[in-house]
There are 2 protein chains.
Amino acid sequence: MSTKQEFLFGQQSHAIEVGDIVYLAQDTPFILDCGAEISQLPIAYQTFGTLNADKSNAVLICHALTGDQYVLGAHPVTGKAGWWELMVGVGKPIDTDKYFVICSNVIGSCMGSFGPKTINPATGKNYGLEFPVVTIGDMVRAQNLLLEYFGISQLFAVVGGSMGGMQVLEWAARYPEKVFSAVAVATTAQHSAQNIAFHEIGRQAIMADPDWCMGKYAENKSYPAKGLAVARMTAHVTYLSEVMLQQKFGRKLQNRSEIGYGFEADFQVESYLRYQGNNFVERFDPNAYLYITRAMDYFDIAVEHGQGSLAQAFAQTDTRFCIISFSSDWLFPTEESRRVVRALNAVAADVSFAEIQTDKGHDAFLLEVPEFYAAVKGFLDESARQRGI
Amino acid sequence: MSTKQEFLFGQQSHAIEVGDIVYLAQDTPFILDCGAEISQLPIAYQTFGTLNADKSNAVLICHALTGDQYVLGAHPVTGKAGWWELMVGVGKPIDTDKYFVICSNVIGSCMGSFGPKTINPATGKNYGLEFPVVTIGDMVRAQNLLLEYFGISQLFAVVGGSMGGMQVLEWAARYPEKVFSAVAVATTAQHSAQNIAFHEIGRQAIMADPDWCMGKYAENKSYPAKGLAVARMTAHVTYLSEVMLQQKFGRKLQNRSEIGYGFEADFQVESYLRYQGNNFVERFDPNAYLYITRAMDYFDIAVEHGQGSLAQAFAQTDTRFCIISFSSDWLFPTEESRRVVRALNAVAADVSFAEIQTDKGHDAFLLEVPEFYAAVKGFLDESARQRGI
């Protein structure tokens, strides 16, 4: 059932159509990796297409750090198109005429699922920093509860890019029997030192903002907009490639013919970054940003599922894997995908791998890159044939 | 003559041995590229070795963004060794038994030269944001005044890495007759869009800190330590290579055996970055950081000196060039050095080029990389032979 809720983004309150929300774990508490026990777990999700009679056509889409369940259709805060309209829909690689598509907001996030904005029943206020630290494993176990709620015992496919790809790998390692095929894009099996470093910068930028108020900005009627904008600007640069930045902006000036000898945004690239930073604060919760980056930092599938061996984490898997990287992605470079492929090869898993040539950097998984969508379509079509869909 | 001055770094006042200070441009105002006229230009510098009788053995060292004139010897604020002890000294590539070495603090900086901490004679207070925006060209013209003060009509060599390398190229383009040889390391002829973007993030982090007080933190007895630390952390990641970060830190934990499920510095790389950020605020002026990053952003030698053509900027040069890059430097990648080399080749300049293989990233020019120092020594020794030193 569809629900509207009041959400505070920045200083503005929005009545948001959060899609369906289900309250899971009501009978048995949900125990997070950190040990916290949750007895009511709200999960906000969207579905597209129709579940077939034998429930064999479900595709779970896992979203990235700042993504959400709005794969298709207007976003309730920004009004923009869904984030994966190029991938999902009628006639698209994940064809909604053929598959039943589910996407839920990850726990730790801010679009209706259990997160730091959730009201803590113990205090009647937002959890804020009282919110427990969650992991990618926790996110996936919460998604699994949602699938149990739907009565789906096996997913036809789990698909995601970036942090979504981490969840795909986590699904395959944790619930191999529940994953017929897995498409992990622009991702890694363990977060690198450099990526932890960039996340730490973002968190420090947010926490340095006095309007963050130790996470209690809602209570204090403040909002760490500047800190969050700096965090977003830093992350945004890592999503692009140097070549793309040079081609798109180079040293072009913004609305002026000469440099201004000052600290205004002389260059288009500065103006663009400021815009990205400012836009973000109107749609994303600062505390959620802290929690989700932390979950990514903690991600290390070899340690979690393979006693230190990545291959071991996927031993005896029957899942069909499709691993995709982008040549200009320096946040999750191709080498990290190759490591996953080598581990899968080591256990004789069914794996196909493609490095897509593009200048679009990490963000390529969200952008117009025809070869990428063709690769996913080819893989899913063949998987569907094998699954008899 | 050596001078002590009181300097405020962070909240602490230090009596700093600023080395020699000379007040230039007293007769003729110094006109900055932005149009501002300066009638007294303090330049703080250090020298090492002895100027020979015909003044032919002078080597000018140009420092990087956060560097200073303390090439050798204890730094007056940090107490640490000089920043280029590996390059300069008896028996080193820039041998102080052979050369007269000069290094001056660039204008815009904070170690005694004309910068935003200088007292504005019009107000009796620090310039702060009233300080005019300076360019790499301005820095070099100020250095030229210093050389005139010494009566040196030609430098045997100008040497520098990163922003120091920008100054080297600027020297060669602006005063070709004054530069016998030029060693430009890990640098570029024009600042890239990505690098402008990273600088803008640093500036936004500083300016987002309410303790920055629109640049008037000294008057307000505040200090934007958190913003400056975030700026430094961001920059610091760009100085290293992913491989180096992975080898040095990987996912090693800091003083704990398990992740802490919180926002403490669980990982060594986080702890290291925080340390880098916090250390920096005790030795560098936030406004100076704004001004110097801006000067780098504005740097575009083809536009300044070649009517858009980089080759043209070096037409008819007699300078001997040595261009050096580091294979893992992604801030100033080898391709940017190659562009300079191609331009020099196009005007038949005398140029040697080396890409040094190392995992140490951009910071390699400050670190123990024997092949690098050997390359500089080889080039300077041969140049000295040709110059008859």
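**Chain contact and helix packing in a predicted model**

User: How are helix 3 and helix 4 of chain A directed relative to each other, given that their axes cross at roughly 165°?

Analyst: In this predicted model, the axes of helix 3 (residues 193-208) and helix 4 (residues 225-239) of chain A come within 7 Å and cross at roughly 165°. Angles over 145 degrees count as roughly antiparallel, and helix 3 of chain A and helix 4 of chain A are therefore roughly antiparallel to each other.

User: What classes of residue make up the contact of helix 3 of chain A with helix 4 of chain A?

Analyst: On the side of helix 3 of chain A, the residues include Phe198(A), Ile201(A) and Ile206(A), and these belong to a group that meets residues of helix 4 of chain A, among them Leu228(A), Val230(A) and Thr234(A). Sorted by class, the residues of this contact are nine nonpolar, four polar and no charged.

User: Which helix of chain B gives the most to the side that touches chain A?

Analyst: The contact involves 42 residues of chain B and 42 residues of chain A. Helices 3, 4, 5, 6 and 7 of chain B each supply at least two residues of the side that touches chain A. The one that gives the most, with eleven residues, is helix 3 of chain B.

Conventions
Residues numbered from 1 in each chain as written. Chains lettered and ligands numbered in written order. Predicted model: local features only at pLDDT ≥ 70, side-chain atom pairs only at ≥ 80, totals over all residues. Contact = placed C-beta atoms within 7 Å. Helix = DSSP H or I, 4+ residues; strand = E, 2+ residues; numbered from the N terminus. Axes fitted to C-alpha atoms, helices over the stretch in contact; angles between N-to-C directions. Parallel < 35°, antiparallel > 145°, perpendicular 65-115°, else oblique. Nonpolar A, V, L, I, M, F, W, Y, C, P; charged D, E, K, R; others polar.
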